[in-house]
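Please look at the sequence and the structure before reading on.

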Amino acid sequence: MIMKLPKHAFPAPWPAIWAWIFLSIVILGIATPDSFTLTFIKIGGIFLCFIYTLRVFPKDRLLQLTLLLTFCADIILAINNTAEAGILVFLIAQIIHTIRLESKNYLTQIISFTGFTAISIIINLIWQITPMIYLIVGFYIVAIITNVYISWRWWRQNPKNFPALCALLGFSLFLCCDTCTGISYLALKNMFPTFLYAPANFFAWFFYYPSQILVSNSSKYARID
């Protein structure tokens, strides 16, 4: 099946901007993976995704909030790539994505999951039952897989729905990025071969930046031609 893109999809000059940033991330990620310039381009690219949602989907406050939180999480993780606070912000962003995609049908379940997550984190802060990073990552995995499933179901209901396809592809690439991030972390902790650390970091952003572009275009406020 070939989908005809709606006229409003990827308005100029955004495709050129995204392509330039993605190519820069790939080239600098190979040539100078630890450079400040690369980090600046990465973080700047995520911020531009936030600006894009403000301009193209001005009514979609939840989508804008998720991109802003994503930008904040990336700043935290740029300072410390294993910071629990950064992963927690990503988790909050994923929960908000779930709310904007499924609040009409599963609001009770979403509230229950959010409440259980918050209570579990608070209890763990007090009694330190398990390393906090593992607890947050566990809830995050549930949230991202849920969003992949929700996006798939949205797309299956209407395969010609371009924002639904963007959501499905975006969250799927997001999950690929998170898989690479997990490999990178385990390599850093010597649980995986250490030679996997660098390529895992490279491919994390190889998947991550396109995922944010696609998620930025997954608004339910988009016009369907």
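Q128 is exposed, with a relative accessible area of 65%. This is a predicted model. Q128 is placed in the loop between α4 and α5, and its phi is near 50°, a positive value in a residue other than glycine.

N190 also has a positive phi, near 65°, and is likewise not a glycine. The loop that holds N190 runs between α6 and α7. With a relative accessibility of 58%, N190 counts as exposed.

Most residues other than glycine have a negative phi, and most peptide bonds are trans. The peptide bond that joins A12 and P13 is cis, with omega at about 5°. P13 belongs to the segment before α1.

Helix α3 has 19 residues, which should span 27 Å at 1.5 Å a residue, and the end C-alpha atoms are 27 Å apart, so the two values agree. The buried residues of α3 include L63, Q64, T66, L67, L69 and T70. The buried residues of α3 pack against α2, α4 and α7.

Helix α7 has 20 residues and reaches 28 Å from its first C-alpha to its last, close to the 28 Å expected at 1.5 Å a residue. Among the buried residues of α7 are A200, F202, A204, W205, Y208 and Y209. The run from S211 through Q212, I213, L214 and V215 to S216 is buried too. The cover over the buried residues of α7 includes α1 (14-31), α2 (36-56), α3 (61-79), α4 and α6 (162-188).

S219 is found in the segment after α7 (197-216). Its relative accessibility is 0%, so S219 counts as buried. Leaving out residues up to four places away in sequence, S219 touches F57, D60, L63, R100, W154 and P163. With D60, the side chain of S219 makes a polar contact, side chain to side chain, at 2.5 Å.

## The salt bridge

Side chains of opposite charge can pair when their charged atoms come close. How many salt bridges does the structure hold? The structure holds one. In this salt bridge the side chains of R153 and E102 meet at 2.4 Å, N to O. R153 lies in helix α5 and E102 in helix α4, so the pair ties together parts that are 51 residues apart in sequence.

Are R153 and E102 buried or exposed? R153 has a relative accessibility of 18%, and the limit for buried is under 20%, so R153 counts as buried. E102, at 7%, counts as buried as well. Apart from neighbours within four places in sequence, R153 is in contact with E102 and Y106.

## Aromatic pairs

A pair of aromatic rings is described by the distance of the centres and the angle of the planes. The structure holds 22 aromatic pairs. One of them is F116 with F139, an edge-to-face pair with 5.8 Å centre to centre and 80° between the planes. F116 lies in helix α4 (residues 84-127) and F139 in helix α5 (residues 132-157), so this pair ties together parts that are 23 residues apart in sequence. F116 is exposed, with a relative accessible area of 53%, whereas F139 is buried, with 9%.

The rings of F206 and F207 have centres 5.7 Å apart and planes at 80°, so this pair is edge-to-face.

| Residue | Relative accessible area | Class |
|---|---|---|
| F116 | 53% | exposed |
| F139 | 9% | buried |
| F206 | 31% | partly exposed |
| F207 | 23% | partly exposed |

Aromatic residues also gather in a group: F10, W14, W18, Y52, F57 and F162 form one aromatic cluster.

Terms used:
Residues numbered from 1 in each chain as written. Predicted model: local features only at pLDDT ≥ 70, side-chain atom pairs only at ≥ 80, totals over all residues. Heavy atoms only, no water. Phe/Tyr/Trp six-rings, centres within 6.5 Å; stacked < 30°, edge-to-face > 60°. Helix = DSSP H or I, 4+ residues; strand = E, 2+ residues; numbered from the N terminus. Buried < 20%, exposed > 50% of the residue type's maximum accessible area, 1.4 Å probe, protein only. Polar contact = N/O pair within 3.5 Å; in protein donor to acceptor, adjacent residues only side chain to side chain. Contact = heavy atoms within 4.5 Å. Expected span 1.5 Å × (residues − 1). Salt bridge = Lys/Arg side-chain N within 4 Å of Asp/Glu carboxyl O.
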